[in-house]
Amino acid sequence: PTGLPAATALAAEGVTVVDGAAPHHGGTPPLRICLVNLMPNKTATETQIGRLLGATPIPVEVTLCVPDSYHSRSAEGHIEAFYQRWSRIRGMRFDGLVMTGAPIETLPFEAVDYWMDLCAMLEWARARVPAGFYICWAAQAALYHFRGVPKHARAAKLSGIYRQRVTRPEAALLRGFGDAFPVPVSRYTEVRAAELPPAVEVLAQSPETGLCLVEDRANRATCMFNHLEYDTDTLRDEFQRDRLAGKQPRLPVNYFPDD
């Protein structure tokens, strides 16, 4: 969208950014991606996801979206300026959908204000969008809606950098990843492998943090429970935020120099 602050940050990093009209590169039509951003810091998440999408030579057109009933105390003006409500874009064609997490994972799904709208969006994505990528809480929400898989509270927050073991090296999504890869982890809850139905395939997991990446092909859903998109300092910022809130968080594992 024209004037999006994240675009300025990405351009400063060397990402080619086109405001407004759909980008075209040598006649190649753009990949049309719907980014459903549920994180409170909109600009940070837009920059993180945009940086990854911008790393491909294929032009990408991003439409920012939130559920109709979603509201943010800190970013309502930003949403009004740059986002579309889902009811306005549900008739549009997209090649892919990315849905972020949200800092509400300790709430029951049905207690989330916009849960019914989110369920309708998940059904829309399953029927109309070729591929969906769901991150952290959104990954849990997708599995709960599509498959009835519950989430479970952990005794303490998982936070840090953990190596994840690739369990399906033949999966196209993990081509080039090797046997294992490090990934930032930040969550209070978990989905358990023993409760997944057979149709949901585990692509990566860790003994310390459990499931990392699963694929539900029937529902066009790839679910990432951790955060490949995080910036270098994101875990630090979250740790400091939790300390200021009086939560007495543990140090993120394998993150600060010499822990």
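Reply: Leaving aside residues up to four places away in sequence, Arg85 touches Cys65, Val66, Pro67, Asp68, Tyr70, His71, Glu76, Ile79 and Glu80, where contact means heavy atoms within 4.5 Å. This is a predicted model, in which local features need pLDDT of at least 70 and side-chain atom pairs count only at pLDDT 80 or more, while totals for chains, interfaces and linings use all residues. Residues are numbered from 1 along each chain as its sequence is written, and side-chain values use heavy atoms, with hydrogens and water left out.

Two of the residues touched by Arg85 also make polar contacts with its side chain, a polar contact being a pair of N or O atoms within 3.5 Å, of which, within protein, one must be able to donate a hydrogen and the other to accept it, and residues adjacent in sequence count only if both atoms are side-chain atoms. The side chains of Arg85 and Glu76 are joined at 3.2 Å, and a polar atom of the Arg85 side chain lies 3.3 Å from the backbone oxygen of Asp68.

Arg85 belongs to strand 3, residues 84–85, strands being DSSP runs of E with at least two residues and helices runs of H or I with at least four, numbered from the N terminus. Arg85 counts as buried because its relative accessibility is 16%, the cut-off for buried being under 20% relative accessible area with a 1.4 Å probe and protein chains only.

In the protein as a whole, 47% of the 259 residues count as buried, and the secondary structure comprises seven helices and 10 strands. Among contacts between residues at least 6 apart in sequence, 68% join residues at least 24 apart.

Methods
Buried < 20%, exposed > 50% of the residue type's maximum accessible area, 1.4 Å probe, protein only.
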